[in-house]
Amino acid sequence: MTAQHPVAIRAEGLTKRFGDKQALAGVDLEAPAGTVLGVLGPNGAGKTTTVRVLSTLLRPDAGRAWVAGHDVLDDPESVRANLGLSGQYAAVDEKLTGRENLYLVGRLYGMSRRAARRRAGELLGRFRLEEAADRLSGTFSGGMRRRLDLAGALVARPSVVVLDEPTTGLDPRGRSDTWASIRELVDTGTTVLLTTQYLEEADQLADSILVIDSGRVIARGSAAELKARVGGERLALTVPDPSARSRAYEVLGSLGAHVPDLDRRTGRFTVTTDHGAETLEYALGRLRREQIAVREVELAPPTLDDAFLALTGQETAPAAPAPAGADTDPHTLTLAAVPAAGTRSDEETAWRP
């Protein structure tokens, strides 16, 4: 570490195996103080195992890690004294009220009774739980329990906070409030390690991003840097007439090497283009000559979702839990899955912007 750029979280070569499964295979990471490090990856990639190692809940098979300057193996008590943790599932005592849960956490951290009561009141206000503060937390909704758990991670004003998918189950207002709280933490110098299934969340909050797949780091950088690796822009448009969509597929499939996707529920097509406005102009002209009506036309740079898909080959998690056993979206298909509406002309096949 240097005085100019202190590192709040660092890991070198973390490995961990559970039976036949290699959960971590040499993970390195680093988060400067007062920043947000986003850790992304498909389910089972090793995100939560990394979190458990950094929070002293799990010993790695090999490798070292430091949190707030303390070695997680040699000095776990100091790590825990400087760390706030909110796991994937809300860890609250349902037989205590919301206020009592936070008061208990404060006392466990060694706060005086007065300080613990005051801090509990502050956090109940920040997370909009005042009206339910003296109800048993077992009567809380899932979103309320999640907010209470987040508040518990902040009771001791830790210098490092680890948030493992912190907004899962929250409504848009709760997610927005949580984002605001994370920004406030960072503004006061707190370092945040954030794992999330919401790519927009990482895009909004993370100063740097680590992508893990199969226990290995496969990419790192800012959101802008990861998007730049994808290349191209995204042309999106909606064809409201279902009978015209096969012909629209043919047109959009002639734009270049990229295969279009279609959401059959909405008729929205998306295709990557390397030539932006020129491709858009050509596509709209072709669709117009084919008498295919379109609406909601958009040309946009790649998103973090695009980068994630390109890096891992997997779709990002849906905002709501998918049905058990559902691995893919049955409403999304590629050009290869749609019968051709006809043979392309030589002009269509040869055209490239």
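On a 1 Å grid over the protein atoms alone, a cavity is a set of points where a 1.4 Å probe fits but cannot get out, while a pocket is an open set with protein on both sides within 12 Å along at least five of seven lines, and lining residues have an atom within 4 Å of a point. This is a predicted model, in which local features need pLDDT of at least 70 and side-chain atom pairs count only at pLDDT 80 or more, whereas totals for chains, interfaces and linings use all residues. Residues are numbered from 1 along each chain as its sequence is written, and side-chain values use heavy atoms, with hydrogens and water left out.

**View 1. The largest cavity and its lining.** By this rule there is 1 cavity of 30 Å³ or more, and the largest cavity has a volume of about 50 Å³, a volume being the space filled by probe spheres set on grid points that are joined across faces, edges and corners. Among the residues that line the largest cavity are Phe127, Leu150, Val161 and Ile182. Two or more lining residues come from each of H5, strand E7 (160-164) and helix H6 (172-187), where helices (H or I, at least four residues) and strands (E, at least two) are DSSP runs numbered from the N terminus. H6 provides the largest share of this cavity's lining, 4 residues.

**View 2. The second largest pocket.** This pocket has a volume of about 590 Å³. Of its 23 lining residues, Leu85, Val105, Tyr109, Gly152 and Ala153 are the closest to its centre. Strand E6 (83-86), helix H3 (98-108) and helix H5 (142-153) each give two or more residues to the lining, and H3 gives the most, with 5 residues.

**View 3. A salt bridge between aspartate 61 and lysine 16.** The two side chains meet at 3.4 Å, N to O, in a salt bridge (a side-chain nitrogen of Lys or Arg within 4 Å of a carboxyl oxygen of Asp or Glu). Aspartate 61 lies in the loop between helix H1 (47-54) and strand E4 (62-67) and lysine 16 in strand E1 (residues 7-18), so the pair ties together parts that are 45 residues apart in sequence.
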